[in-house]
Amino acid sequence: MQANMKKNLIILSLAAMFSLAAEAQDKISLNFGETPKREVRAVWLTTVKSLDWPDTKANSPENIKRQQKELTDILDKLQKAGVNLVLMQSRVRASTIYKSDIEPWDQNITGQPGKNPGYDPLQFAIEQCHARGMQIHSWVVTLPIGPWNSYAAQQLRKKHPNILKKIGSDGYIDPENPETAPYIASICAEIVRKYDVDGIHLDYIRYPDAWKMPSNRARCREYITKIVRAINTAIKQEKPWVMLSCSPVGKHDDLSRFSSRGWNARTAVAQDAQQWMKEGLMDAEFPMIYFRGDNFYPFALDWKENTNGRIMAPGLGIYFMHPSEGKWKLIDVQRQMNYLRQIGLGHTYFRSRFFTENTKGLYDFTINEFDRYPALVPAMAWLHKTPPTAPSNLRISEENGQQRLTWSPAKSRNESPNVLYNVYASREETVDVNDVRNLIAQLVKGTSLVIDTQKPYNYAVCAIDRFGNESEPARMGGVKPKSETPHLLANDGRSVRLPKRPNTLDAEFVVFKSIAGTPVTTRPYYSDVIDISTLPYGFYSVHSLGKKGRTHRLGWIKKEKR
């Protein structure tokens with residue numbers, strides 16, 4: 001025990017030194033190290049008041065398409081930045097962005113409370129996230145129900161008047177009422193039963209700020225824990241592989257050397273988040289450490305020391321970089337991201353719009369440096385750790401001028417109903433599936449993938465179950481290139497000169513694609529010199545795109561650091 005205490009004191013001292021040094025300097029040299037294969041890179045995508053999405057209301061067929069396009073544009077950017085987990089706000093304030101038999105439609109989708117938008121936004125989001133190899137977790141706001149006289153609150157007041165309390169002009173579900181736990185659990189169970197979500201994410205699973213809490217805080221914590229326990233039981237009965245998580249207040253409690261200054265999860269709002277991890281009631285947590293300096297580093301380390309083997313990805317207050325919100329600099333967030341990776345934690349952005357709109361260059365920093373390579377969400381080995389069988393019969397075939405990688409299916413060896421696949425590629429004779437730089441596609445549904453390259457790569461495919469367990473790889477040798485090798489176009493890292501365009505080419509755009517054939521960026525084809533300054537480092541195939549959808553491969557580029 002003394003050795004552990006000494007170790008913790010040393011680590012806390014290092015955290016404090018890191019904090020003080022970080023605050024004292026405007027610029028430091030950051031060593032981001034190797035990208036881990038397993039790491040949560042998440043984002044909160046907010047729908048309340050349309051803060052992140054949607055800008056367009058779904059009140060006509062044309063606007064439904066615009067609303068959907070807004071979401072796919074966001075998801076494209078998140079995928080490009082290596083985000084592998086989207087926390088999608090689904091239950092907003094006693095209202096939903098999905099077809100519920102329990103609560104009404106949220107007004108932010110159509111502009112009118114209770115109105116069916118004509119499509120299911122959550123189902124659409126699930127399909128789009130999964131198509132991009134990203135997990136999607138349904139974000140449920142648990143106790144706040146919004147303004148007391150709002151449409152959604154009125155509907156709940158009619159059905160369950162006994163479980164509600166009014167504080168000021170807002171309404172809340174009473175955490176002390178015995179009917180509260182089964183009600184919130186029924187909402188979460190409905191989502192899991194109806195939708196193929198990867199997780200349920202609980203927000204505001206705590207006492208409201210303005211609530212007059214009883215002096216017996218232990219009893220208050222038990223009220224909240226009772227709700228968590230009911231939700232855990234309900235969703236695991238439906239689908240055991242669905243991850244349960246929450247977003248606790250950023251400081252769990254006072255530390256021996258650092259005060260939480262009166263605002264913490266366990267004592268101030270009865271949120272016993274670390275105990276939930278210890279008991280297995282939570283699979284993951286995303287603590288909202290929206291602070292700097294000594295208010296961040298020691299408390300981040302405290303969360304790390306109390307994960308109990310579960311997933312931890314602290315939330316970063318990137319909104320403070322926006323001029324209207326605070327005075328944070330980019331380096332403030334860079335240091336925090338670097339520190340979290342050093343101690344083995346993931347990171348979560350609050351919130352999506354501040355990230356995708358590249359506030360103070362954070363998005364560029366992420367795609368070009370910090371998260372240049374993808375990562376897999378850590379496996380929930382504490383639930384099940386037996387991996388699937390390996391796929392087999394890996395082979396390449398030609399299809400319409402493209403190469404298609406196919407394989408025979410693998411089988412799950414636990415309660416996971418199906419398996420997905422991760423695809424790796426390398427010029428090495430044996431593809432190293434532990435090197436995340438070789439990961440070209442993840443969570444692939446089905447048993448084939450179009451490979452947009454004619455170069456002689458070697459491939460490996462691993463099956464992955466819904467708990468995140470990955471199988472042994474199936475491998476195959478390199479593919480002989482065609483007689484005509486694609487031309488490698490010269491570039492200086494800022495621009496690339498394309499071959500002289502023939503008069504018959506009606507191209508309007510130039511498309512840069514990854515090795516897996518995923519479009520990365522598009523540029524207008526105004527001239528033969530194309531700007532690539534914001535394109536991340538790596539290999540890309542270059543294609544023209546014509547007015548009628550006709551495409552031609554123009555060659556390849558390799559953008560390197562210079």
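A crossing of two helices is called left-handed if the near helix is turned anticlockwise from the far one by less than a right angle, and right-handed if clockwise. The model shown is predicted, so that local features need pLDDT of at least 70 and side-chain atom pairs count only at pLDDT 80 or more, while totals for chains, interfaces and linings use all residues. Residues are numbered from 1 along each chain as its sequence is written, and side-chain values use heavy atoms, with hydrogens and water left out.

**View 1. Helix α6 packs against helix α7.** Helices (H or I, at least four residues) and strands (E, at least two) are DSSP runs, numbered from the N terminus. Helix α6 (residues 180–194) passes α7 in a right-handed crossing, and the axes of α6 and α7 (residues 217–238) lie 8 Å apart at an angle of about 30 degrees. Axes are lines fitted to C-alpha atoms, for helices over the stretch in contact, and angles run from 0 to 180 degrees between N-to-C directions.

**View 2. Residues of α6 meet residues of α7.** Contact means heavy atoms within 4.5 Å; among the residues involved are I184 and C188 in α6, and I227 and A230 in α7.

**View 3. Three strands form an open sheet in the order β13-β14-β17.** The pairing is antiparallel, where two strands pair if DSSP finds at least two bridges between them. The edge strands, β13 (392–399) and β17 (448–451), each pair on one side only.

**View 4. Strand β14 pairs with β17.** Strand β14 (residues 402–408) and β17 are joined over four bridges in the antiparallel sense, and L405 has L449 in β17 as its bridge partner.
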